[in-house]
Amino acid sequence: MTDYFQGNLPLESVPRTRNTVNSAMAETDDGSEKLARTIAEAGSERKAGDIILLKLAEVSYLSDYFVMMTGYSRVQVRAIAAAIEDKVETDLQRRPLRTEGKAEGSWVLQDYGDVIVHIMMPKEREFYNLEAFWIHAERISLPNSD
């Protein structure tokens, strides 16, 4: 008696499935990058500082992109978060799956699934130093970043 399933699965199904997944991932990646750039643009319009766009898709399953930016007051951090939500909803008809930290206003995290946004005050950004933790991720250049 055996404890595993013995089935006659066609070997051809594996490559076909991979091609389907890869093509879907290519389409998703384009949408993810557009979302990440839209988020960065919304942050820039609210005068967020030191905006960084990291492509994590090759190094982590957590998300395709991280967008990190600095707000210089709690009010500005909340305003940047609100501006991002408004712009993404207007332009791409998407809302974040979760938002954390808006009440405190020192570090707001917005989770769009394929893109995660970190809006931090300078003290939190320096202390947690997420850029150093994700140093192996590809850094995407933004046209009007400082």
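This is a predicted model: local features need pLDDT of at least 70, side-chain atom pairs count only at pLDDT 80 or more; totals for chains, interfaces and linings use all residues.
1. Start with the strands. Six of them form an open sheet, in the order β3-β4-β5-β2-β1-β6. The pairing is mixed. In general, strands of a sheet pair through backbone hydrogen bonds, either parallel or antiparallel.

2. Which strands are at the edges? They are β3 (98–100) and β6 (138–140), and each pairs on one side only. On average, neighbouring strands of this sheet are turned by 20° against each other, with direction ignored.

3. **One pair up close.** Look at β3 and β4. They run antiparallel to each other and share 3 bridges. Arg98 has its bridge partner in β4, and that partner is Asp111.

4. **A helix across the sheet.** Helix α2 covers residues 74–92. It lies across β2 (65–70), β3, β4 and β5. Against β5, helix α2 runs at about 155°.

5. **The largest core.** In soluble globular proteins, nonpolar side chains tend to be buried together. Here the largest nonpolar core holds 25 residues. Ile39, Val67, Met69, Ile84, Val115 and Ile119 have the most contacts inside it. Two or more residues come from each of α1 (13–45), β1 (49–55), β2, α2 and β5. The largest share is that of α2, with 6 residues.

6. **A second core.** There is also a separate core of 10 residues. Ile52, Ile116, Leu130 and Trp134 are among its members.

7. **Val115.** Take this member of the largest core as an example. What does Val115 touch, leaving aside neighbours within four places in sequence? Its contacts are Ser32, Leu35, Ala36, Ile39, Ser63, Tyr65, Val67 and Gln110.

8. **Asp114: where is it?** Asp114 sits in the loop between β4 (107–111) and β5 (115–120). Is Asp114 buried or exposed? Its relative accessible area is 14%. Buried means under 20%, so Asp114 counts as buried.

9. **Asp114: what does it meet?** One goes to the side chain of Ser32, at 2.8 Å. Another joins it to the side chain of Arg94, at 3.0 Å. Not counting residues up to four places away in sequence, Asp114 touches Ser32, Leu35, Ser63, Asp64, Tyr65 and Arg94.

Note on methods:
Residues are numbered from 1 along each chain as its sequence is written. Side-chain values use heavy atoms; hydrogens and water are left out. Helices (H or I, at least four residues) and strands (E, at least two) are DSSP runs, numbered from the N terminus. Buried means under 20% relative accessible area, exposed over 50%, partly exposed in between (1.4 Å probe, protein chains only). A polar contact is a pair of N or O atoms within 3.5 Å; within protein, one must be able to donate a hydrogen and the other to accept it, and residues adjacent in sequence count only if both atoms are side-chain atoms. Contact means heavy atoms within 4.5 Å. Two strands pair if DSSP finds at least two bridges between them. Axes are lines fitted to C-alpha atoms, for helices over the stretch in contact, and angles run from 0 to 180 degrees between N-to-C directions. A nonpolar core is a set of buried Ala, Val, Leu, Ile, Met, Phe, Trp, Tyr and Cys residues joined through side-chain atoms within 4.5 Å.
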